[in-house]
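Okay, everyone, thanks for coming. Let me put the model up on the screen, and then I'll walk you through a few bits of it.

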Amino acid sequence: MLDIRKVRENPEAVAKALSKKYFAFDVELFKSLDSNRKEADVRSQNLQAEKKKASKLIGQFIGQGLSVDEAKAKVAETLSDIDAQLKTAVEEAKSVQESIHNLLMATPNIPDESVPEGKDEDENIELRVWGEAKTYDFEVKDHVDLGVNLDGIDFEVAAKLTGSRFAVMKGQIARMHRALIQLMLDTHTQEHEYTETYVPFMVNAESLKGTGQLPKFEEDLFKIPFNDTHYYLIPTAEVPVTNLLRNEIVDAKQLPIKYTCHTPCFRSEAGSYGRDTRGMIRQHQFEKVELVQFVKPQESVQALEDLTLHAEKILQKLELPFRTVKLCGGDLGFSAAMTLDLEVWLPGQGKYREISSCSNFLDYQARRMQARWRNPETGKPELLHTVNGSGLAVGRTLVAVLENYQQADGRIKVPEALKPYMNNLEYVG
């Protein structure tokens, strides 16, 4: 959530900055609402002052010849009229304030100045490339044909169990999927000093508001009625893990706080029908190992670079060619101020595909959640900065391993980094 003080100072500058995301901030609406808020506040203050004056008029009325009872009755009548007006003014102020809050909740984060101009992913900036795309002396297959031929991935059974955009994994493919999760968690906890955490796979609405999925993206979520309320299946571990510090104030000595977490993720993919319908690239249920950092404001830019390198480390261990790109304004997520994407090379598609998004949200999420740290220099609570990213998306990593390590006979060579997690198995198939 944006700082309302900065919006008030220069709403036109906010609108201009948000245009980099191709978001049209309604300056006139904000000004009108804020003006109405001021008027309602002034009216309430004036009525409060009138109420204080009216309560002292008994003596004046007696001096004008009224009896004590008559004077009290007249004052009571005046106070009753003021109370009625005051109630209306307070309700109006509350309504306007709620409208301002809703407007800001539906307004994305301002892109950092370093974010390049651009409308979509075609205008993202390539920062670095690691590894070289492998060449093959046979016709390469995609992960769907490879997995089905090995009897390791079954989309038809998944469709029978649930519907489209789900997968059943079996045998050594399922084992490789689990091995990837273990490799990621071990790397991030043992080498990068993240604390592993386990969280619920369902959250309440407040958690989703805290990280920015609600209210704007409700159609992308799976909503579950429960008694007199409802829960949501998490679209990413970012939601519950980041909300661990909602309404908390942490000591400066605790920072940075770094969590890693493996969860399933659930997305309706409401706006992506017709895209990536084949295979495991875009599913309703998939696994991720998430990286989340809470840091001091002055450290978040470096934290984003560090976290991105931590995610890159998994791809390097697996010897998978990839590139790191900086997202342009038009491709930037709702809550992110800046994002670096990792894109892995997929021989079956002949192109790079996203496998991780690493973002710095500055104080945007922290303001929504009131996640704070106590600055020892001032003794006062201040908003944290939040940084997170996938380290990595497990299903897409499996896809990359299957396609990059495929053999002419259809088997899959097990990457060296995975062998300790697969009983030193040489090949799948």
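Before we start, one term: two strands count as paired if DSSP finds at least two bridges between them. And keep in mind that this is a predicted model.

So, look at strand E14, residues 372-374. E14 pairs with E15 in the antiparallel sense, over three bridges.

E14 and E15 belong to an open sheet of three strands, ordered E8-E14-E15, and the pairing is mixed. Which strands stand at the edges? They're E8 (249-251) and E15 (381-383); each has a single partner strand, so one side of each is left without a neighbour in the sheet. Neighbouring strands here are turned by 40° against each other on average, ignoring direction.

Next, a hairpin. Strand E6, residues 223-226, and strand E7, residues 229-233, pair in the antiparallel sense, with four bridges. Phe226 has Thr229 in E7 as its bridge partner. There are two residues between the strands, and Asn227 takes a positive phi near 50°.

Finally, the cores. The largest nonpolar core has 55 residues, and Met176, Leu318 and Leu418 have the most contacts inside it. Helix H8, residues 171-190, gives the most to this core, with eight residues. Leaving out residues up to four places away in sequence, Met176 touches several others, including Leu398, Ile412, Leu418 and Val428. Apart from this core lies another one, of 18 residues, among them Val250, Cys261, Ala371 and Trp373.

That's my tour, thanks!

Methods
Residues are numbered from 1 along each chain as its sequence is written. This is a predicted model: local features need pLDDT of at least 70, side-chain atom pairs count only at pLDDT 80 or more; totals for chains, interfaces and linings use all residues. Side-chain values use heavy atoms; hydrogens and water are left out. Axes are lines fitted to C-alpha atoms, for helices over the stretch in contact, and angles run from 0 to 180 degrees between N-to-C directions. A nonpolar core is a set of buried Ala, Val, Leu, Ile, Met, Phe, Trp, Tyr and Cys residues joined through side-chain atoms within 4.5 Å. Buried means under 20% relative accessible area, exposed over 50%, partly exposed in between (1.4 Å probe, protein chains only). Contact means heavy atoms within 4.5 Å.
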